[in-house]
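Please look over the sequence and the model shown here before reading the notes.

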Amino acid sequence: MREYKLVVLGSGGVGKSALTVQFVQGIFVEKYDPTIEDSYRKNVCEFISLQCELIRLLIVCLQEQFTAMRDLYMKNGQGFALVYSITAQSTFNDLQDLREQILRVKDTEDVPMILVGNKCDLEDERVVGKEQGQNFARQWSNCAFLESSAKSKINVNEIFYDLVRQINRKTPVEKKRAKKKSNCILL
Amino acid sequence: MRMVFKNVLNGTFDDGTGNHWNPGEFESNVCIILQIERRLENVRLVSHNAHKRMVMCLQGNVGSDVEKRHKKLPLTALSQSMLDGGSQLGDESFIGKMMEVCGEAESKLAFEQSQHEVQLERDILEPLNQLAEVDIPNLLKQRKHLAKLVLDFDSVKARYQQATKAYPSAANAQAMAAKVDTLKEEMDEAQNKMEICKDQLAADMYNFSSKEGEYACYYVLLLEAQAEYHRRALASIESVLPSIQSQQDKWTEKPAFGTALEEHLKRTSREIALPIEACIMMLLETGMQEEGLFRIAAGASKLKKLKAALDCSTSQLEEFYFDPHAVAGALKSYLRELPEPLMTYQLYEEWIQASNISDPDKRLQALWVVCDMLPKANKTNFRYLVKFLAKLALESDINKMTASNIAIVLGPNLLWARTEGSLAEMAATTSVHVVSIIELIINHASWFFPEGQSLFHAVSPLPCSPANKQPEIAPRRAGTINKKQHSMPNFQPPLPPIDAGGLPVFELSPLLPTGGGLEAGQAGAALPQTHQPLVQQTAENR
């Protein structure tokens, strides 16, 4: 069994927790509570190349005041989902700094990463165009890009699977069977 | 020079050049004359040079009066251009004002300088010039005149001696005797003239020599005049500098961000820090119902602009009324950038200890005590902020920011440990404590701070909000309060442990949107409501 440390980053209120909870538990959280730090685990053996994979997922909140923790997660994380909300331009603009910070901490250009435009169900309130996101991703040395909706369950699983595939591609491991295990951990 | 004279007078001086002075009685005088003569030439030369260099030191035109000279000084030109610049920029511009004031000071300085130069010219340059170009040349002229007289005397004397020698054997003895007599007369006259001239010259020489001290004085005078000038210049600068500096201090907009609270308040003579008050006033107008206020990040460039605008308070803030997230971000940023957290390093341990008390009543009391220990400035600003946050939490139906949510996003900006930055874990623990503290204080805002209900009405005017006239805000707020009353907690907070003079406990009722429990059912077990489950989960994790 292999553990993947995925980190979800983005400005406050873009739906990092919502995406994660939707992925892990299949429910949409209506609640509007900011997260300090949450940690989830999910067994995803049935999805990825018939191999039992344990994905350890960390959600990190990007409030300025939590910078110390953020650095630590950047150091430990293997794959990063950078989330913005298609309804708020500023959340989109913030990501450039975030990516640069990750590359700096990781000290490499090749970091498994995906750009996510969340809340794509709110088409009426859209201010960040899909092309904008695609262009942005292209500038990031062809980073993966998805538009998602935690509420409408669009592209939620794809985000995390894509990251896991990217990590696998980067650091392949020999396949072996692991006993099935599923639990959820909250930090 | 004096030494030479002494020697001469004692008769010990010997000079071999005075051969043609026939009578031995003049020999010593010759020495003196020659000595002084040589010296005279030297003095003339050095005085001439010194005069020339001194004139070069002057900035004004030699010979003009104070007024004219003042106009020609480079300093006057500087002051004039500063004054012009000042009037061009006008009084509203601080640069213009300062240019004007400083230009006046420079003009005074220029006046001092011109006076100084005139004085120099009068007291030093002119006498020096007189000495080098008139007095000494006159002496030298007289000396030449004497030489001529000596020659005259010598020739007449030679003729007389010749005549005397020839007289006894001469044929025309009578004519010869008459010639001898005439010659004798001529000789006597020439000698007389020579003597007079010599005496005169000697007197002048002695005079010059005795005045040497006076001439040397010119150089001392120069230094004294310069000293006096610099003193007066300094005095004139110092007389204006304090007022200029105080104006400067008054006008200078030192940045509020990153400056210690105490210092900022003192400098601006405010009670509430400008960024706190300005941001809160703006948020009260347009931000209270903004979803995710303090949570959603503002655009980085907008935030930067607002921070800069707040740093120089003259700027217009109108446009930010429509960007509450930027305003909230600026407030957060201000609190975060304080050199010391608003809740102070000093009380850090006390805060944490108080929040660790498990009994809710005792915990509240302990927090009250710590809160009361805050320095006055911090307490005033903290109270102001908390009152506002409590008000904000009242609208959580609309803005979704319950006390707990506000505490999570804002708490870490209010208190942090001195050593933060090195250990992420420590930061996390601090955050958890701080969040719980802030949540409690927001929930019990009017119990912690019973005074100052009307805080937000008695504030200094800020740039007028274009959204002032939105009529629906007040009614909605009232509605929120009514709705929220059902969520009162099931315990009454105890009275503060210190004699607080009959605190109105009943004020609590409208201020208690606890945030917890209301929506817990919807979220399932996935998301922890507050810090409480967090501890359990961490334990499980290990």
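This is a predicted model: local features need pLDDT of at least 70, side-chain atom pairs count only at pLDDT 80 or more; totals for chains, interfaces and linings use all residues.

Residues are numbered from 1 along each chain as its sequence is written, chains are lettered from A and ligands numbered from 1 in the order in which they are written, and side-chain values use heavy atoms, with hydrogens and water left out.

**Chain A and its strand 5**

Chain A has five helices and six strands, where helices (H or I, at least four residues) and strands (E, at least two) are DSSP runs numbered from the N terminus. Their order along the sequence is β-α-β-β-α-β-α-β-α-β-α. Of its 187 residues, 60% count as buried; buried means under 20% relative accessible area, exposed over 50%, and partly exposed in between, with a 1.4 Å probe and protein chains only.

Strand 5 of chain A (residues 113-118) is mostly covered, with six of its six residues buried. One side carries Met113(A), Leu115(A) and Gly117(A), the other Ile114(A), Val116(A) and Asn118(A), and both faces are covered.

Two strands pair if DSSP finds at least two bridges between them. Strand 5 of chain A has parallel pairings with strand 4 (residues 79-85) over six bridges and with strand 6 (residues 144-147) over four bridges. Towards strand 6, Gly117(A) stands opposite Glu147(A).

Strand 5 of chain A also takes part in two β-α-β units. One is right-handed and consists of strand 4, helix 3 (residues 89-106) and strand 5 of chain A. Another right-handed unit is made by strand 5, helix 4 (residues 130-139) and strand 6 of chain A. Right-handed here means that, with the strands pointing away from the viewer, the path from the first strand over the helix to the second runs clockwise.

**Three single residues**

| Residue | Relative accessible area | Class |
|---|---|---|
| Asp107(A) | 67% | exposed |
| Lys119(A) | 23% | partly exposed |
| Val118(B) | 19% | buried |

Asp107(A) lies in the loop between helix 3 and strand 5 of chain A. Its phi is near 60 degrees, a positive value in a residue other than glycine. Lys119(A) sits in the loop between strand 5 and helix 4 of chain A, and has a positive phi of about 65 degrees although it is not a glycine.

**Helix 5 of chain B**

Val118(B) belongs to helix 5 of chain B. Its C-alpha atom is 8.1 Å from that of Gly63(B), 55 residues apart along the chain. Helix 5 of chain B (residues 94-166) has 73 residues, so at 1.5 Å a residue it should span 108 Å, which agrees with the 104 Å between its end C-alpha atoms; the expected span is 1.5 Å times one less than the number of residues. A kink of about 40 degrees is centred on Leu131(B) in this helix, the bend being the angle between axes fitted to the seven residues ending there and the seven starting there.
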